[in-house]
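Trainee: I have a structure to go through. Can we take it step by step, with the cut-offs stated?

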2 protein chains.
Amino acid sequence: MKATYPRPASAALAPEVAAAVRFNADGLVPAIVQEADTDEVLMLGWMDAEALARTLAGGRVTFWSRSREEYWRKGDTSGHVQHLVSLAADCDGDTLLVRARQVGAACHTGERTCFTGRSLTEHKGAEQ
Amino acid sequence: MKATYPRPASAALAPEVAAAVRFNADGLVPAIVQEADTDEVLMLGWMDAEALARTLAGGRVTFWSRSREEYWRKGDTSGHVQHLVSLAADCDGDTLLVRARQVGAACHTGERTCFTGRSLTEHKGAEQ
């Protein structure tokens, strides 16, 4: 979903970062967030160039909220901050892997991760 | 990217699965793939309803390749199969977390994960 107001240019991104990341037609890239201490996958959020720049500069994971059409620095309202540990792009630059230290719950539902308790599979004898 | 040929209807998805997953305007949902034995995040792929149905039915992780516009059962060409362990949707159904056992490398580059060696951050004293 395109923003209805002009977004800042991606001049805030270091050239080597801008070169490594491919934003989609909406100017966004999906960012997987993984807890650095336990390796749990917490959530997936979306970043535009500005959100990525703010994340890297400030060490606080920041997304572009597609539903609210605004920048969302995780934890500003809930206190459930994500402290950036490391960030990588994938082989073709169209996905980010963010490792972070999550304060409290990642999910607005209060669950630790956005996937907790939401399994779609049941296998005899297999782990969940 | 929409396919240029009709895709099978999502009748193959069990009703409770179809109800739990929200496909985007292109009929796709992002699927994070995590190695079940080590918790490494391997890659992110995209699934339409048919790819998801095939994954759940066959126990082999199957994506919709947006670049090749075809179904892609991981490992059919490379031998780098992903055996499904579990699959969950997130709180609003627009992201999937697939836990799988990866045979060999997840990335076409030969790297174990698509994020290996592609860090965009360097922090003094912090882990990568």
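Mentor: We start with a definition: a salt bridge is a side-chain nitrogen of Lys or Arg within 4 Å of a carboxyl oxygen of Asp or Glu. This is a predicted model, in which local features need pLDDT of at least 70, side-chain atom pairs count only at pLDDT 80 or more, and totals for chains, interfaces and linings use all residues. Residues are numbered from 1 along each chain as its sequence is written, chains are lettered from A and ligands numbered from 1 in the order in which they are written, and side-chain values use heavy atoms, with hydrogens and water left out.

Trainee: How many residue pairs are in polar contact between chain A and chain B?

Mentor: A polar contact is a pair of N or O atoms within 3.5 Å; within protein, one must be able to donate a hydrogen and the other to accept it, and residues adjacent in sequence count only if both atoms are side-chain atoms. Both residues of a pair must be at pLDDT 80 or more. Between chain A and chain B, the count is 12.

Trainee: Which element gives the largest share of the side of chain A that touches chain B?

Mentor: Elements are DSSP runs numbered from the N terminus: helices are H or I with at least four residues, strands are E with at least two. On that side of chain A, α1, β1 (29-35), β2 (41-47), β5 (82-89) and β6 (96-102) each supply at least two residues. The largest share is 6 residues, and it comes from β5(A).

Trainee: What area is buried between chain A and chain B?

Mentor: The size of an interface is often given as the accessible area lost when the parts come together. Here that loss uses a 1.4 Å probe and is summed over both parts. Contact means heavy atoms within 4.5 Å, and it takes 40 residues from chain A and 39 residues from chain B. Carbon and sulfur atoms give 67% of the buried area, which is about 3,100 Å².

Trainee: By what turn can chain A be laid on chain B?

Mentor: Copies are superposed by least squares on the C-alpha atoms of residues with pLDDT of at least 70 in both. The RMSD is 0.0 Å, with a shift of 0.0 Å along the axis and a turn of 180°. That is the relation of a two-fold axis. In chain A, the C-alpha nearest that axis, at 3.0 Å, belongs to Asp39(A). To return to your question, the turn is 180°.

Trainee: In what order do the elements of chain A run?

Mentor: Chain A has 2 helices and 6 strands. From the N terminus on, the order is α-β-β-α-β-β-β-β.

Trainee: Is Thr113(A) buried or exposed?

Mentor: Buried means under 20% relative accessible area, exposed over 50%, partly exposed in between (1.4 Å probe, protein chains only). Thr113(A) lies in the segment after β6 of chain A. Its relative accessibility is 8%, so Thr113(A) counts as buried.

Trainee: Which side chain joins that of Thr113(A) in a polar contact of 2.8 Å?

Mentor: The Thr113(A) side chain also reaches the backbone nitrogen of Phe115(A), at 3.0 Å. The side-chain partner at 2.8 Å is Thr116(A).

Trainee: Is Ala12(A) buried or exposed?

Mentor: Ala12(A) sits in the segment before α1 (15-20) of chain A. Leaving out residues up to four places away in sequence, Ala12(A) touches Glu50(A) and Ala53(A). Its relative accessibility is 53%, so Ala12(A) counts as exposed.

Trainee: Which side chain of opposite charge is nearest to Asp90(B)?

Mentor: Lys and Arg count as positive and Asp and Glu as negative; His and the chain ends are not counted. Asp90(B) lies in the loop between β5 (82-89) and β6 (96-102) of chain B. Asp90(B) is buried yet has no salt bridge. Its side chain reaches the backbone nitrogen of Asp94(B) at 3.1 Å. The nearest side chain of opposite charge is 6.7 Å away and belongs to Arg22(B).

Trainee: Which residue just after α2(B) takes a positive phi?

Mentor: At the start of α2(B), a side-chain oxygen of Asp48(B) reaches to within 3.2 Å of the backbone nitrogen of Glu50(B). Just after the helix, a phi of about 70° is taken by Gly59(B).

Methods:
Buried area = accessible area lost by both parts, 1.4 Å probe.
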